[in-house]
Amino acid sequence: MAKSAKSSAPKKLRHGILGCGGIANAHAKALLQIPEYDLVAFCDVFRASAERYKAEYGKGQGEVFEDFHQMFEKMDLDVVTICLPPFAHADEVETAAKHGVHIFIEKPIALSVDKAQAMVDTVRKAKLKSQVGFMMRFQDGIERIKELLDAGRGPGVQFVGRYYCNSLHAPWWRMQDKSGGQMVEQIIHQFDLCRYLLGKPKHVFASTANLCHGEVENYTAEDVSGVVVRFQSGAVGVLTGTNCAIPGKWLAPWTFVAKGLMAEQSGGATQITHTDRPSPYVEEIRSEKNGMLAEQLDLLRAIREDGETRTPMLEGLESLRLVLGARDSAESGRPKDL
Ligand SMILES: NC(=O)c1ccc[n+]([C@@H]2O[C@H](COP(=O)([O-])OP(=O)(O)OC[C@H]3O[C@@H](n4cnc5c(N)ncnc54)[C@H](O)[C@@H]3O)[C@@H](O)[C@H]2O)c1
């Protein structure tokens, strides 16, 4: 069962990091900005990585572990931030639940729907708060669109999400069986936004290829993809991605159209054109918001208030279901019902 964090003078929550690799750096920096957290444990199969986190983010304080079972057993944690590579998800959610530890977990939460479903069931049964790392949901432009949709604008009719990069990433990243491929590991951010704005998907059709990395050893993932998602409402999502774009840049622009508005996001700026009036006007939203901090703060709020996070584990499952459906479609050459 979840530990209660409610009290008149809330105690600091004990927070551990599982997987002290690349993205955990951004989470550790965000966690250090939250005074309600004590960063007390660092776990990585490579002890040196966990030791580096202890030195850098724990300022020499905190315990280091190579085995997360021992971390959960010994540390009486309140919250854990899980930054494992997709292939490495094992029983960490079940073990956290056994010890009543609330969970932040990076996307994709697993590489199969069955595994992700088990994670959802586990957190639900243990009444834990969970947050999946879809930080694009916290963009100011997305929050403004949601506000407008909630106020009656819409319905959403189309989302076009694009993802461009050109990097070999970590060795596991380029292996389809370890990362799930570029759609599953990376473009899932855009799949998730598409669902967030357009609702329940009905079917998906995708086409993928590896056109720039055939010579790179072990590069079995796709490096170009195009996907069409039909939603139950009739709305249409289009998602494209490639790892053959500009070296050193990671770009994720999107366009969203609804009855009464059109929004375009690129870099840190979102332009919303309000088309629900005779003379459309343009609202500019410029933002340097730290999405990683925002999603961690949202989890903390949910723990403190016994509320819900913006992206509980179930959302991680549903976005995974959609992106795996796209991968199935690309493999079969046929649309996939969802
Ligand atoms: N939200 C985002 O924008 C974003 C960005 C990058 C990565 N990610 C996601 O974060 C996750 C981690 O990615 P990364 O780039 O940090 O990977 P990484 O390879 O840099 O780091 C993963 C770390 O986990 C450790 N590890 C592996 N198995 C372990 C185990 N069983 N127990 C303890 N430690 C273990 C590795 O040694 C490594 O240090 C991935 O799911 C990735 O998709 C999200």
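**Close-up A. Valine 224 faces threonine 242 of strand S10.** The model is predicted; local features need pLDDT of at least 70, side-chain atom pairs count only at pLDDT 80 or more, and totals for chains, interfaces and linings use all residues. Residue numbers start from 1 along each chain as its sequence is written. Strands S9 (residues 224-231) and S10 (residues 236-242) pair in the antiparallel sense over 7 bridges. Pairing requires at least two DSSP bridges between two strands. Strands (E, at least two residues) and helices (H or I, at least four) are DSSP runs, numbered from the N terminus.

**Close-up B. S9 and S10 belong to an open sheet of 9 strands.** The order is S14-S13-S12-S11-S7-S10-S9-S8-S15, with mixed pairing. S14 (281-286) and S15 (336-337) are at the edges. Each has a single partner strand, so one side of each lacks a neighbour in the sheet.

**Close-up C. Helix H10 (residues 313-332) lies across strands S8 (201-209), S9 and S15.** H10 runs at about 55° to S8. Axes are lines fitted to C-alpha atoms, for helices over the stretch in contact; angles run from 0 to 180 degrees between N-to-C directions.

**Close-up D. Helices H1 (residues 24-32) and H9 (residues 291-305) cross at roughly 60°.** Their axes come within 9 Å. H1 is therefore oblique to H9. H1 contributes Ala26, His27, Ala30 and Leu31 to the contact; H9 contributes Met292, Leu293 and Gln296. Contact means C-beta atoms, placed from the backbone, within 7 Å.

How values were computed: Angles under 35 degrees count as roughly parallel, over 145 as roughly antiparallel, 65 to 115 as roughly perpendicular and the rest as oblique. Two residues are in contact if their C-beta atoms, placed from the backbone, lie within 7 Å.
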